[in-house]
Amino acid sequence: MTATSGGRVTGMSESATSTMIGAGGVATPIGHAPDRFFKYWLIVPAIFLLLLVGLFPLIYSLVVSFQNITMMEVDTSFSGFIHYAQLFKDARLWQALLHTLLITVIALPLELVLGLLMAQLFLERMPGRQIFVSLLVLPTVISPIVAGATWRLMFDNRYGPINQILGWFAGEPMTILWTVNPYLVYPSIFICEVWQWTPFMFLILLAALSNIDKSLTEAAEIDGAGYWRTFFRIVLPSIWPVMAIAILIRGLDLVRIFDVIWALTAGGPGTMTETISIYTYVQGFQQFETSYTAAIAFLVIALLTIIVTWAIRRMGLAK
Amino acid sequence: MTPHAPLLRRPGTQLTLRYAAAIALTLFFIFPVYWLFIISFKTPDEIFAFPPVWYPESIQFANYRVLFKDGDAETVWNSLILAGVSTVIAMVLGTICAYSLVRFKTGGENLAVWIISQRMMPPIAIAFPIFLLYVFFGWVDSFHGLIILYTAFSLPYVIWMMRGYIEDLPLELEESALVDGCTRWEVLWKVVFPMVRSGLFATAVFTFVFAWNDFLFALVLTRTEVITYTVQVTHYFGGQSNFWAKIAAMSVLGTIPVFFTVATLQRYLVRGISMGAVKG
Amino acid sequence: MADLKITNLHKHYGGVQAVRGIDLEVASGEFTVLVGPSGCGKSTLLRTIAGLETPDGGTLEIAGKVVNYVRPRDRDIAMVFQNYALYPYMNVFENIAFGLRARKTPQAEVETRVKRAADMLGITQLLERLPRQLSGGQRQRVAIGRAIVRNARLFLFDEPLSNLDAQLRDEMRSEIKRLHQELGTTMIYVTHDQIEAMTLADRIVLLRDGRIEQAGTPLDLYERPATRFVAGFLGSPQMNFIPAQMAQSGGGWAVKVGDGTSLALPRARDGLSDGRPVVLGLRPQHLTRANGSSRPGHQRLGVTVELVQPTGSRAYITFPLGGVPTVAELESHDVQRPGEQIDVDVDMNRAVLIDPETNRVI
């Protein structure tokens, strides 16, 4: 060991490689890291409130679903699995599920493809682009219930502009009952959904496309790759992480769709457009089948928690 | 003779085509909004004219006057209080929670996944047990009941977004403040909050808009006292179309604030609606 | 009394041992530089001193008080960070005053102290500006100003100059040296740059793998390195390491390198034996163009120049010695082009012998 200028002793400690406190025979003062509870204080209020919407509904639904509470009687004794057995026999529930899936699998690809096409259209610079983009955003930010109300006005059989415009083309007045006609009620819902949410996809995909490193597509062009080849090999993989999140957000929105349908058809005609959310509402707040609704709510929350958690982990969203 | 590109490949033709497509698309997406606004300014005769009146002769505010006279416009005020108060609370609680998740990795990835998964839950499945609970507490149709629910439902979004903004902060600033004599709490108020203020503002606006636009919670948990404008709009839905003017005027009242706030936030729009997937 | 006393300090992150058993004392007013390659634990050590990390074992004393679990704010330290850590939403004055305000210093005193610090650093005209309106060097001055305004007992610097360009770095280096002389405060300075370490330090602490490799004055470490690592780390260009064997010649010792060249050793060491393998360490500066008669302890070699790297006044030439490319730092006019045959004097007085097994200097 080299002697230091002021005679102060310094040096290597070869005695201890252990991580134990007080390793090497040196006494460590008793104490704790300062502020070690600070990080928990920070999350306590938020977690408490989150448990209210995250855990309480799940547990309470489970409890109520094993009781027998309806508009007629309040029987809080354990009634077994009767409500869950009922679920399997409830044709209207299964139809509601089917309607929900139908809306999701049609509206989601429509919004995605249209949004992507629009993003391609506006990707290259053109004068006034920002104005177009700002205007196109508007449908996405208004309340879904207002969107539904707006299209209710648009679709009106007599005074709505849709029929009027169709009448111009047909050369005779049209009085199509858009939201009542069984063949047209789904297309009406899709038009409203696509109108409101295609701009959402468009905005996100436009940003994702703009963020692609230009040298990648230019290199592909020099290598002689055609448009489609470049698109599928370079553009799509580049925007996929963002696109996947957009699909996840929109997909889950569609699965729980309520407002637009409530405003346009309220589930009608009959129960033709009843989705799982509408059906749950009808059971709980119009028919007052409290325990049965709780069973539905429990299943929906439990199922979605599993699916959502899986999807989030799969996409590495939490990292 | 110089060779000409095929007509469709010429830059001028392409730009014209793109403009044509852009204008057509914009018309499709804007026309319903235009129609909504224009109806709210029409007289009953104009509304129920056949063929429809594409633009009113004169702008008149009678439809709005009726809303204010009947007290229906108070529902917009209710929406403002509910969305405003819940946003403020959610921003404070959510931001400090996000700070803990980012800086101290509290709860690890599991807690983060659980929090964001709460954002994806169907409101009706949550609203129903909450409704039963509120009946028990006597909180149905009360401001505090809805504010608590909106706050809780906004939290995952706030935490998620603020997590992203806080991750962008340099750690050194906070460490420097600690060394310079701040407590942990002072670091939060004096360094972290000022540093993320633009993210804080953008997130607050989106949180506000989500609560403002809510319909289902308000439908389930209100009766008469704290009805929001979205619920009020649906009250005008009926067999006869007599309430068209009210539907339109009430919708416009509820839509204008949203347009305004979002217009000020163009820069944060994509990050806000993509839940941080795209950083603007 | 020592301002800082560290005894057997340990710190690990997860499974990684960042600091493993460090003992260190820093006297009042001393400028200590912690230097080493990245990952050697120097930054962790500094952050532990600052209180930004809590030690896992050992004790840390500042001014005689054990501070293992004391909050950074209560340690009476000031710290300058690598990226300046200026608050972008505060002007320069408020940035410098931040620490005083956090301690509820009266406004009048804040003003005089900030003014004095700004004067000292020549940034008085910048007090109203925001950090983003400043150049890199000005930001660094503000960051230093924020530290000195506090009159803390201990100053910590965490690679403060590594983000500056070469010219500014030289300027700020002398500025820091001047400040230390003016203030006389105890300073602990972390860097990976050996030139900074050499020029600034009263004492260098060279770390490697979480342990102290060697500590001492810059000249101590440069002239009398304890290990091959220290010998190689300090000095530029790096010391030449040539595998060799000891040989007895006449009354003394000689070092025989691979190609049979024998270099007489003027000063004997303990534990030498005939045929013992060693590594011969020669600094490029200790190889000079032969001129006149050989001085005592110098050995003259005829070499063939393979590579010439001019740097202006000096030129680095490379030639083979004992099968190893060897670098010598000569005057630029000493050598013109590769292929040239020249005579080089090797200063064997300052040669270092290293045991190839333990890598310790013999």
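# Exercises on a three-chain model

In chain C, 44% of the 362 residues are buried (20 or more other C-beta atoms within 10 Å of a residue's own; exposed means 12 or fewer, partly exposed in between; C-beta atoms are placed from the backbone). The model is predicted: local features need pLDDT of at least 70, side-chain atom pairs count only at pLDDT 80 or more, and totals for chains, interfaces and linings use all residues. Residues are numbered from 1 along each chain as its sequence is written, while chains are lettered from A and ligands numbered from 1 in the order in which they are written.

## Exercise 1: chain C and its strand β7

Task: find out how β7 of chain C is covered and what it pairs with.

Solution. 

1. Start with the inventory. Chain C has 8 helices and 21 strands (DSSP runs numbered from the N terminus: helices are H or I, at least four residues; strands are E, at least two). Its C-alpha trace spans about 75 × 45 × 35 Å along the principal axes.
2. Go to β7(C), residues 154-158. Of its 5 residues, 5 are buried.
3. Check the faces. In a regular strand the side chains alternate between the two faces of the sheet. On one side of β7(C) sit C:Leu154, C:Leu156 and C:Asp158; on the other, C:Phe155 and C:Phe157; all are buried.
4. Look for partners (two strands pair if DSSP finds at least two bridges between them). β6(C) pairs with β7(C) in the parallel sense over 4 bridges. There, C:Met79 has C:Leu156 of β7(C) as its bridge partner.
5. Take the next partner. β8(C), residues 186-191, pairs with β7(C) in the parallel sense over 5 bridges. C:Asp158 is bridged to C:Val190 of β8(C).
6. Trace the link. From β7(C) the chain passes through helix α5 (residues 166-183) to β8(C), a right-handed β-α-β crossover (with the strands pointing away from the viewer, the path from the first strand over the helix to the second runs clockwise).

## Exercise 2: the build of chain B

Solution. 

1. List the elements. Chain B has 14 helices and 0 strands.
2. The C-alpha atoms of chain B fill roughly 80 × 70 × 35 Å along the principal axes.
3. Of the 280 residues, 53% are buried.

## Exercise 3: what touches chain B

Task: how many residues of chain A and of chain C are in contact with chain B?

Solution. 

1. Take chain A. Its 79 residues are in contact with 78 residues of chain B (C-beta atoms, placed from the backbone, within 7 Å). Helix α1 of chain A (residues 38-54) gives the largest share of that side, 12 residues.
2. Sort by class. This side of chain A has 59 nonpolar, 13 polar and 7 charged residues (nonpolar: Ala, Val, Leu, Ile, Met, Phe, Trp, Tyr, Cys and Pro; charged: Asp, Glu, Lys and Arg; polar: the others, Gly among them).
3. Take chain C. Here 16 residues are in contact with 14 residues of chain B. β6 (77-80) and α2 (92-102) of chain C each supply at least two residues of that side.
4. Sort again. The side of chain C that touches chain B has 12 nonpolar, 2 polar and 2 charged residues.

Technical notes: Contact = placed C-beta atoms within 7 Å.
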